[in-house]
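Here is a short report on aromatic contacts in a predicted model. It covers charges over rings, then ring pairs.

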Amino acid sequence: MKQQHILSVLVENSPGVLTHISSLLSRRGINISSIAASSTEEPDITRISLVVEVSDYEAWAEILNQLENLIQVTKVIEMTNESPIARELSLIKVKASPDQRAEITNVTDIFRARIVDVHPESMVIELTGESQKVDAFCDLMQRFGIIEIIRTGSVFMSRAPEAAAE
Amino acid sequence: MILSGAQAVVECLKKENVDTVFGYPGGVALPLYDALYNCGIHHILTRHEQGAAHAADGYARSSGRVGVCISTSGPGATNLVTGIATANIDSVPMVCITCQVTTDALGKDSFQEADITGITAPISKHNFMIHTVESLPEVMTEAFYIASTGRPGPVIVDIPKDVLVSKAEFAYPEKPQLKGYKPVYSGDESMIRTVVNVLKQAKKPVFFIGGGVMLSDMADVVLELVNKTGIPVTASMMGLASLDKKHPLHLGMLGMHGTYAANLAVTNCDLLITLGARFDDRVTGAVSKFAPNATIVQFDIDPSEINKIIPTNYCVLADLKWSLPIFTKMVSACDIKPWVDEVLLWKKEHPLRFKEDTANIKPQAVICAVDEAKANDAFVVTDVGQHQMWTAQYAHFGHPRALISSAGLGTMGYGLPAAIGAQAANPEREVWLFSGDGSIMMNCQELATAVEQNLPIKIFILNNQGLGMVRQWQRMFYGKRYSGSKHEVPTNFQLLAEAFGAKGLTVHTKEELKYAVTYAKACKGPILVNVFVEEEENVMPMVPPGTALDQIVE
Ligand SMILES: Cc1ncc(C[n+]2csc(CCOP(=O)(O)OP(=O)(O)O)c2C)c(N)n1
């Protein structure tokens, strides 16, 4: 059984850092299902948010240690068990003939998504939320005809009053 | 001081007290080679970049200092790869400088371009590419710092040609600033106290020592610890030389070709105290049956070694330099006489032995003959195969760094260049190399290097006219179907040595062997002795792969 794990990895912002992380994970047979990297409150530190699929739970703690061991990694925070706030941004381009627009707009409103661009034959909708919400929205859009989906990968923040790194 | 990148590299090497580098030039490395010319650092030109990497490794293992090797881009850099992986798995401190195509040519499949940082990421401690000449001194300090601290390992520094030729003000930073790298030194003293208490309860304790003891220069403290507690000791190949084999409590090597006493002691112990060793599968046998009744204690510097293979009950996470003296001070003599008697009886009744029952020389006898002749402070280097195991079994090691061997990766072709590195670092001491007729061929071109540098390495080829270790497995597990493991056309190694300008000898008889050993000992230059040995000899005892250590076959 594969288990999902949520990691927040703080790294030095330098070349090669992703190679080191992904090569370590792939060697241990771990699949990365979502990845998002961005700057943080500290200037040279980048946060990489990862969702990974782990089949050998025994090895997991060991893999976390190996991640910590990477020279450019400053901190590895496992967030799986603290149900953090999770968000993912997606842009969805759907076919939208004039007679379908109203219905699409309706669903968009229900999901508190936003229409960001309109073309005579299509619309682009922006949606932010947990992955499952984005999945559900995409399912509903299916029948209008999805032209393209772009999703950022999830980012996570703990609900505790202090920074996760502390 | 304004310097070019190449000159800055040389300055950095001097600041790190590097006296010898091993390398091979090429197109984009020429600026660096120009800066090396007459710079005061001894450059040893090997005959293959793999040789340069292993030589830097041998230099590092024999001296405890960082070994340095240099190559050009593309094929030069990829030729280092086996040497880097070899050093990485055995925690050898090395800095490998690979030159790279110019920055504007990067990523365009340019002539002799290879993504060496990408290639070496999983087989090195770390790697860097230098993008600007200004950052060069900083990266070089970091490279040496990372290579030599914590759990040591190889670090690659990839330098594009344009960085080598651009100029900048040179200042060598005192201490590297690395946010993500804080090597462990001290640990939790209360944990050591806990271990001391656990030890007090133990009736059947054993020490298992690994390469970490040598890396932290703690062999003396281990000796004190063993003498004070009276606990029997076994070792991995990397730790084997850290305690004199003649010590009555040294049970010898653990694992597949370890001793009967060591394997039984670990299987039956109730407390296994591991000092700087990882649990390679060649050591553990079937993991589920490894030390089944024992509480496992691990002293290690690397958090990722804890619980990796064998679940640990207590771990002291720190540099052994910190933890072992404290532990040694806290312990007292153990009341374990029945256990020690039992273990020493195993040792007495099941010594390593071989029968000299054929007309041909037994390979083990070659090791013993050299062992008697060699100086106490000598280095013993091996290649990989049966001869390596016989060396581990039958040779004695006079100091913790005496045995130099590719343990973790098992790299055939390691021996000769590593011996060159060891001899270059220790010109006054004897370096003896045991190799096989298979392994020696994988880097025999380095005989030219040894001759050119006049390094008096003493090479003994245990010639069984084939790939002995492979043949042993085929004999034991594949119904004697010797697929691809026989050298049908013998190589005249004596002539080969002579072709390179080295002394060559051929040995068929015991008398000739005796003469050859005496001759080699006195020889002032490199010498190769090709000894024809019994072909069908097996390395024994043996724990069949995948079985428990007490299933050892003698
Ligand atoms: C580079 C490399 N290739 C293949 C092997 C697999 N291998 C292990 S031992 C061995 C045979 C070694 O033969 P030789 O050097 O003659 O030593 P012997 O076992 O005969 O003493 C081989 C092929 C290896 N360890 N390294």
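## Charges over rings

Lys458(B) places its charged end over the ring of Trp432(B). The distance to the ring centre is 5.8 Å. That counts as a charge over a ring because the cut-off for NZ of Lys is within 6 Å of the ring centre.

Arg471(B) lies over the face of Tyr482(B). Here the distance to the ring centre is 4.1 Å.

## Aromatic pairs

Over all chains, the structure holds 13 aromatic pairs. In one of them, Phe208(B) and Phe279(B) have ring centres 5.8 Å apart. Their planes meet at 45°, so the pair is tilted.

This pair links distant parts of chain B, 71 residues apart. Phe208(B) sits in strand β9 (residues 205-209). Phe279(B) sits in the loop between β12 (271-275) and α13 (281-284). Both Phe208(B) and Phe279(B) are buried. With Phe290(B), they form one aromatic cluster.

## A strand-to-strand pair

Phe434(B) and Phe460(B) also form a tilted aromatic pair. Centre to centre, the rings are 6.5 Å apart, with 55° between the planes. The angle falls between the limits of 30 degrees for stacked and 60 for edge-to-face, so the pair counts as tilted.

Phe434(B) belongs to strand β17 (residues 431-436) of chain B. Phe460(B) belongs to strand β18 (residues 458-463) of chain B. The pair therefore ties together parts 26 residues apart in sequence. Phe434(B) and Phe460(B) are both buried.

Key:
Residues are numbered from 1 along each chain as its sequence is written. Chains are lettered from A and ligands numbered from 1 in the order in which they are written. This is a predicted model: local features need pLDDT of at least 70, side-chain atom pairs count only at pLDDT 80 or more; totals for chains, interfaces and linings use all residues. Side-chain values use heavy atoms; hydrogens and water are left out. Rings of Phe, Tyr and Trp (its six-membered ring) pair if their centres lie within 6.5 Å; planes under 30 degrees apart count as stacked, over 60 as edge-to-face and the rest as tilted. Helices (H or I, at least four residues) and strands (E, at least two) are DSSP runs, numbered from the N terminus. Buried means under 20% relative accessible area, exposed over 50%, partly exposed in between (1.4 Å probe, protein chains only). A charge sits over a ring if NZ of Lys or CZ of Arg is within 6 Å of the ring centre and within 35 degrees of the ring normal.
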